[in-house]
Amino acid sequence: MSTHIDTYLDPRRLPLPFCPGCGHHTVLKALDEALVSLQWDPHQTVIVTDIGCIGLSDSYFSTNAFHGLHGRSITYATGIKLANPDLHVIVLIGDGGCGIGGNHLINAARRNVGLTVLVANNFNFGMTGGQHSVLTPHGAITATTRAGNLERPLDVCAIAGVCGAGWVARSTVFDPDLPALIAQGLQHDGFALIDIWELCTAYYAPNNKFTKRDMMNLLEYGGFATGVLIENARPEYAAAYRKAIKEEAGKQVDKGKVLEPRFTHSIEKRLKVMIVGAAGGRVRSTGHLLGQGAVLAGLYATQRDDYPVTVMTGHSICETILDTQPIGYTGIERPDVLIWVAEEGRRQAMAALTRMTAADRAYIAGDLLPVQSEAQIISLDFERPDLRVRAQNRAIVALGVVLQQEKWYPFEALEEAVQQTQREEIARSNLEALAMGKKLSINV
Amino acid sequence: MREFLDGNTAIARAAIDAGCDFFAGYPITPATPILQAMMRDLPRVGGIAVQGEDEIASIGFCIGAAMAGRRALTATSGPGISLYSENLGLAQMGEVPLVVVDVQRLGPATGGATTVAQGDVQFVRWGTSGGYPLIALSPATVADCYNLTLRAFDLAERFRCPVFVLTDKEVASTMDTVDTEELEPIPVRAREIASPECAFEPCNYPSLDQNVAMSPFGGPHLLRFTTSTHDEQGYLTKNPVKIDRLNHHLIAKIERHQDEIDQVRADLQEGAEVLLISYGITARAVEEAVRYARAEGKRLSALTLLSLWPLPEKAIGEAIASLCSFSHAQEQGREEIRIVVAELNDGQLRREVERIVCRPLRSCRPQRSVQVIGVHRIDGELITPQQILQAGGVA
């Protein structure tokens, strides 16, 4: 800045809109004084507010301004800071914002994102008629605590501190050094919070006959320390993020795996395959390989999964459809081929088996038999002593058997799908499992 | 060349290709793969991707970043849209370019996390206080996921409002075979930025239906952003004239330019007596229903809505009118035209079609009766092609 800025308040907007004697006057003037001392470029400074009397403040500054939804100012401020870390981002909230926005406050402190949060704390909701907030002292009379506040006030400084905020202070509007304290907070490179106690002359002060002296007593006897309470040199989040991702820059983004159809196939009409097994049994990756192999064989394929919200327990079902033309409807009412390899999917497998007809084939692990169905049942002997198929490999071994029997497309297409799309280690294990399936298929 | 690809992956890839450089989201089935893909890939192209403490924070980050000049995306499912609601309203009021993916799952509430539904159609349109318009696109295929996500980014820049990519568990999670030439990397227009030399009034739109060029935080102009009713400078106002102009601007900028948004796939057949209307995953059952029925010599038309909001009423009206003009139902002594609306909810699009049908169909002379039949499922299962044909009386 070439010229000295005498005030960051916008003279065209003044006077401030607050009640006579309201502490917000002092907070804004102290902020102005702090900004004057720092001479920040207004274009590089953003004041973020939300709802409540203090939320009117951004309109009175000749800086950038963002006025948002109640309690959310810290989220907008975080987005602004992450998008452009060079900006000075100042958040003005009231004690109300500490309640509705409490989750954002603790998480911004935890991240140590470079914001300065001024809490204009007058112990109640002034704008809506003097209701209690999360910072209202115990026993206080408000519009919604007529018999005295039963709740214990949140110590917002302690909360911010325990969450890892870089810099935390408490003061009052009666402190002549408030502008210097605010300036100190503004300059902190990390999450800074100042809890500024003040009087609401419309509601809290008259309702509780609460004076400056009472405030000082509450500070002293209520266990609320003042001054700079926490200084914690931690990396600022927006800068830390940039540092952390530095090595990622320029790496290849996911562009998928292009599959060039170059094998033949024997499919004439739509073929619906249902693979039923246990979560963790590589059921989905088996159906995926079946689909990828089909694409390499010039077919169209879809793969639809069904599984519970649990991760390594319960059933896992994969429905893979193969067709010579694009597939619209991806559901399977009655599979042409069922592959059932684990007890977990019994209910779903039995439901499919009752719908299947004599033309359909069901490849079922021998230890799950017998079952009743019109379908042709092919038993898979996973327990064969020379193979001893592990539970997690059953589905993929079964696929080897099925493809060898059904000959929908060449085995090589499936092997190529494995090699083209899977990491070396997994590919090796899957190729072994498929080879095992080939062996197993001789006896079925 | 082909790919075996799912919709979520296609959406994330499109976002990168669209020049998206900010993502924030919160894990939720079935939209989580988008969060993970963006967390992995955005830093590689110089973007920022973060996981918020909840959905409210995530969309808040996106809005702040967008106003600081970023091209932002977030993705969630129905329960997350519930939490986005207040900030979607803020993004409408503050005219924030923002793309929001809703991978629908079965509701209400937590509903079925891994279960398909299309129950958020009216929710995304009317889910904010005040009820102002926004844009929603609805992919039916994996290729649509890619193409419409790019388009969503373009429309967000064009209209300065939240643009939904309203997809569902099936379209987003099911792997499909995509011919790579189906993926069309359309250019996304650059953000219109106010000239550094001219004076800047953030909300002084030149006419009711035109937008103001933007100026990011940290740019050459001072920017005032507000979610409250405001005047040209972005200051709170209670002046009814200014409020009226602002609110009508939010409507007019979209409604008067709807022809730039509308997108459908119309497959209208000469002589059809039945029109099948659908969108999203259900449109794929419709597509197959049409194939089966025509193979048996039946005549029927289909309309897939790729844009849902604003509702492409013109295209729907034209499809209905085509039925009137094509139909030889009358010659065969049938008085009735049938419109089947198939969707995985209890009739959220059907009510819109009924509204359109209630208007006089000028091309129908003499006036013919039109029956709107809903095919709806809310049990987490897909609507089958057979169900659709049965409802249309062409099974």
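Before we start, some housekeeping. This is a predicted model, where local features need pLDDT of at least 70 and side-chain atom pairs count only at pLDDT 80 or more, while totals for chains, interfaces and linings use all residues. Residues are numbered from 1 along each chain as its sequence is written, and chains are lettered from A and ligands numbered from 1 in the order in which they are written.

Let's begin with domains, whose bounds come from an automatic or database domain assignment. In chain A, that assignment gives domain 1 at 24-244 and domain 2 at 271-441. The C-alpha centres of these two domains of chain A are 59 Å apart. Chain B is split into domain 1, covering 2-182, and domain 2, covering 264-391. For chain B, the distance between the C-alpha centres of domain 1 and domain 2 is 28 Å.

How many residues of domain 1 of chain B are in contact with domain 2 of chain B? There are 25 from domain 1, and they touch 21 residues of domain 2. By contact I mean that the C-beta atoms of two residues, placed from the backbone, lie within 7 Å. On the domain 1 side, helix 5 (121-126), strand 6 (135-137), helix 6, strand 7 (162-168) and helix 7 (169-173) of chain B each supply at least two residues. Helices here are DSSP runs of H or I with at least four residues, strands are E runs of at least two, and both are numbered from the N terminus. By class, that side of domain 1 has 13 nonpolar, eight polar and four charged residues. For the classes, Ala, Val, Leu, Ile, Met, Phe, Trp, Tyr, Cys and Pro count as nonpolar, Asp, Glu, Lys and Arg as charged, and the others, Gly among them, as polar.

Now to the place where the chains meet. Here 59 residues of chain A are in contact with 61 residues of chain B. Elements of chain A that give two or more residues to its side include strand 2 (64-67), helix 4 (102-111) and helix 10 (283-296). Which element of chain A gives the most? That is helix 2, with eight residues. The chain A side has 24 nonpolar, 25 polar and 10 charged residues.

Next, two helix pairs in chain B. Two packed helices are described by the angle between their axes and the distance between the axes. Helix 1 (residues 7-17) and helix 6 (residues 142-159) of chain B have axes that come within 8 Å and cross at roughly 25°. The axes are lines fitted to C-alpha atoms, for helices over the stretch in contact, with angles from 0 to 180 degrees between N-to-C directions.

In the second pair, helix 3 (residues 55-67) and helix 4 (residues 78-93) of chain B pack at about 30°, their axes 8 Å apart. Helix 3 and helix 4 of chain B are therefore roughly parallel, and their crossing is right-handed. Their contact divides into seven nonpolar, three polar and one charged.

Finally, some backbone details. Most residues other than glycine have a negative phi, and most peptide bonds are trans. Where are the cis bonds to look at? One joins Leu369(A) and Pro370(A), with omega about 5°, and another joins Gly107(B) and Pro108(B), with omega about 0°. Asn112(A) is not a glycine, yet has a positive phi of about 60°. Asn112(A) counts as buried, with 26 C-beta neighbours inside 10 Å; the cut-off for buried is 20 or more other C-beta atoms within 10 Å, with 12 or fewer for exposed and partly exposed in between, C-beta atoms being placed from the backbone. Glu95(B) also has a positive phi, near 55°, and is found in the loop between helix 4 and strand 5 of chain B. Glu95(B) is buried, with 22 other C-beta atoms within 10 Å.

Conventions:
Parallel < 35°, antiparallel > 145°, perpendicular 65-115°, else oblique. Left-handed = near helix turned anticlockwise from the far one by under 90°.
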